[in-house]
Amino acid sequence: MFSPSSPPAGLLEKAFQYIDLHQNEFVQTLKEWVAVESDSVQPQPRLRWELFRMMTLAADRLRRLGASVDSVDPGVQQLPNGQTLPIPPIILAELGNDPKKATVCFYGHLDVQPARQEDGWLSDPYTLTEVDGKLYGRGATDNKGPVLAWINAVSTFRSLEEDLPVNIKFVIEGMEEAGSAGLEELVRKEKDRFFSSVDYVVISDNLWLSQRKPALTYGTRGNSYFRVEVRCRDQDFHSGTFGGILNEPMADLVALL
Ligand SMILES: [Zn+2]
């Protein structure tokens with residue numbers, strides 16, 4: 001079994017030095033990723049293709065790390081209006097399979113909530129902008145930055161030709177902000193294959209409590225979504241004339257809510 005031990009002497013110094021030297025490259029890649037409008041919430045074909053582009057960028061990056069990458073097609077998303085949209089691929093990637101090492105699986109997502117400058121942004125949400133040493137851009141922290149941080153950490157080890165202390169797996173999706181469509185099914189399907197060797201899962205989709213203190217998430221409540229539709233006549237009835245005689249769909253909705 002895996003027993004955590006201190007890294008070899010000098011390794012962390014070397015790693016931090018490498019990271020400092022390559023900071024601009026890391027920020028440049030984050031800028032490219034933030035520039036992709038990978039909005040999974042608004043069901044528009046144009047945005048859906050942006051999501052596909054985003055997942056391809058990530059898969060390419062992982063392949064360049066030397067990982068074996070499987071882009072799984074989760075099928076289609078059924079919209080409430082009856083239309084369907086394709087779900088972007090879920091990436092299953094792995095790097096190293098040494099049975100003597102523990103296997104850590106990192107989870108992250110590359111889709112974002114909608115963002116428009118009119119919402120109150122001080123800069124274009126899809127242009128990563130540095131102000132006072134802080135980086136602003138849609139998805140910079142939730143969750144493109146954290147996904148890239150793991151990739152950069154692994155690439156630092158690879159570039160320094162240092163042995164990774166663990167086997168690494170990634171599960172990266174593009175529909176988190178829209179209820180993770182397709183993910184649960186995939187996890188169940190891969191239970192005895194991709195996930196069977198996983199010892200630890202890092203959910204890399206949470207907060208820092210301060211600039212130095214990361215949050216450790218040990219449970220989430222999940223979400224429930226409901227859709228209520230009340231149908232009425234297809235024409236207006238003036239409340240001054242018909243009020244009290246006809247049932248108002250607005251009143252029915254309020255009662256239901
Ligand atoms: Zn998130």
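A residue is buried if 20 or more other C-beta atoms lie within 10 Å of its own, exposed if 12 or fewer, and partly exposed in between, with the C-beta atoms placed from the backbone.

Before I apply these terms, two remarks on the source. The model is a predicted one, in which local features need pLDDT of at least 70 and side-chain atom pairs count only at pLDDT 80 or more, while totals for chains, interfaces and linings use all residues. Residue numbers start from 1 along each chain as its sequence is written.

I begin with the core. The largest nonpolar core holds 31 residues, and those with the most contacts inside it are Ala-58, Leu-62, Ile-91, Ala-93, Phe-170, Val-171 and Ile-172. At least two residues of this core come from each of helix 2, helix 3 (45-64), strand 4 (90-95), strand 5 (103-109), helix 4 and strand 8 (167-173). Helices here are DSSP runs of H or I with at least four residues, strands are runs of E with at least two, and both are numbered from the N terminus.

Which residues does Leu-62 touch, not counting those up to four places away in sequence? They are Ala-67, Val-69, Ile-91, Ala-93, Ile-151 and Phe-170. Contact means that the C-beta atoms of two residues, placed from the backbone, lie within 7 Å.

I turn next to a pair of helices. Two packed helices are described by the angle between their axes and the distance between the axes. Helix 2 (residues 23-34) packs with helix 4 (residues 140-159) at an angle of about 140 degrees, and their axes are 10 Å apart. Helix 2 is therefore oblique to helix 4; angles under 35 degrees count as roughly parallel, over 145 as roughly antiparallel, 65 to 115 as roughly perpendicular and the rest as oblique. The axes are lines fitted to C-alpha atoms over the stretch in contact, and angles run from 0 to 180 degrees between N-to-C directions.

On the helix 2 side, Phe-26, Thr-29, Leu-30, Trp-33 and Val-34 meet Ala-140, Lys-144, Gly-145, Leu-148 and Asn-152 of helix 4. Helix 4 also contains Asn-143, and the peptide bond from Asp-142 to Asn-143 is cis, with omega near 15 degrees.

Asp-132 is not a glycine, and its phi is positive, near 50 degrees. This residue lies in the loop between strand 6 (129-131) and strand 7 (134-136). Is Asp-132 buried or exposed? Asp-132 is exposed, because 4 other C-beta atoms lie within 10 Å.

Ser-180, likewise not a glycine, has a positive phi of about 50 degrees. The loop between strand 8 and helix 5 (183-189) is where Ser-180 is placed. Ser-180 has 20 other C-beta atoms within 10 Å and so is buried.

Finally, some individual positions. Val-104 belongs to strand 5 and counts as partly exposed, because it has 19 C-beta neighbours inside 10 Å. Beyond its neighbours within four places in sequence, Val-104 is in contact with Val-166, Ile-168, Asp-199, Tyr-200 and Val-202. From Val-104 to Leu-256 the separation is 152 residues in sequence and 46 Å in space, C-alpha to C-alpha.

Arg-46, in helix 3, has 9 C-beta neighbours inside 10 Å and therefore counts as exposed. Pro-99 sits in the loop between strand 4 and strand 5; it is exposed, with 7 other C-beta atoms within 10 Å. Although 68 residues separate Pro-99 and Asn-167 along the chain, their C-alpha atoms are 8.7 Å apart.

Key: A nonpolar core is a set of buried Ala, Val, Leu, Ile, Met, Phe, Trp, Tyr and Cys residues joined through C-beta atoms within 7 Å.
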